[in-house]
Amino acid sequence: MTLNKGETRDLYRRRAKRYDLSIQLYRLFGFAMDQYRQDAILALGLAPGDHVVELGCGTGLNFEYVQRIIGPEGKIVAVDLTDAMLDVARCRVARERWTNVEIVQADLAKWQFPAGVSAVYSTFAITLVPEYDAIIERASRALRPGGNLAVLDMKEPECWPAWLVKLAVWLNKPFGVSLDLADRHPWDSIERYLRKTDYREYYFGAIYVCAGRKDA
């Protein structure tokens with residue numbers, strides 16, 4: 001069963017302090033999580049000074065990759081539903097002495113995007129939000145001409161046998177994953193509202209990056 005927003009928030013509250021460590025455990029199964037995240041950021045085509053929005057930022061694992069490109073003149077607006085996850089993100093920002101990160105606790109379905117942003121991205125988050133299509137549509141309108149949007153997330157692999165799919169879902173259940181989420185296709189939304197510029201799959205089709213650009 002798909003979790004509602006309250007259940008998702010409570011789940012990630014419980015996981016917040018150990019989230020970064022638990023993500024690293026995926027390496028034991030051959031997931032190159034750091035590479036997937038970096039590929040998603042590179043798909044945005046960022047430049048120094050860009051203003052970027054992250055949807056479902058969690059503990060801020062992506063901030064470092066974005067900061068390397070946009071520099072101190074750029075800005076990250078990081079939005080998440082869960083207060084405990086954002087507490088960890090704030091500690092990360094303070095530890096790294098970044099002064100260009102704005103952290104926002106909000107329901108993505110209700111949050112108002114700033115206008116004219118350079119890029120919007122989400123990693124392993126947007127599929128958990130029932131209103132993902134409407135969010136991507138509003139994000140596309142918020143982009144400046146030529147701006148990019150990218151999503152990194154899991155999907156149901158087309159070539160996997162059913163038993164293996166069910167096993168993968170069970171292993172990811174602690175992160176709110178359920179079989180029902182297979183019906184949510186953010187990549188279709190990106191193609192609907194933007195010009196698709198990149199699509200690639202990893203880990204035998206279980207993970208993808210999809211990016212789109214707003215026409216200039």
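Which residues of helix α4 (residues 63-70) are buried? They are Phe63, Tyr65, Val66, Gln67 and Ile70, where buried means under 20% relative accessible area (1.4 Å probe, protein chains only).

## About the model

This is a predicted model, in which local features need pLDDT of at least 70, side-chain atom pairs count only at pLDDT 80 or more, and totals for chains, interfaces and linings use all residues. Residues are numbered from 1 along each chain as its sequence is written, and side-chain values use heavy atoms, with hydrogens and water left out.

## Helices α4 and α3

Helices (H or I, at least four residues) and strands (E, at least two) are DSSP runs, numbered from the N terminus. The buried residues of α4 pack against several elements, including α3 (33-42), β1 (51-55) and β2 (75-80); contact here means heavy atoms within 4.5 Å. Just after α4 comes Gly71, with a positive phi of about 70°.

Turning to α3, its buried residues are Met33, Tyr36, Arg37, Asp39, Ala40 and Ile41. Among the partners they pack against are α2 (19-24), α4 and β5 (143-154).

## Two loop residues

Let's visit the loop between β3 and β4, where Ala115 is found. Ala115 is exposed, with a relative accessible area of 76%; exposed means over 50%. The C-alpha atoms of Ala115 and Arg144 are separated by 7.5 Å, although these residues are 29 apart along the chain.

Another loop, between α7 (162-172) and α8 (186-193), holds Asp183. Asp183 is exposed too, and its relative accessible area is 66%.
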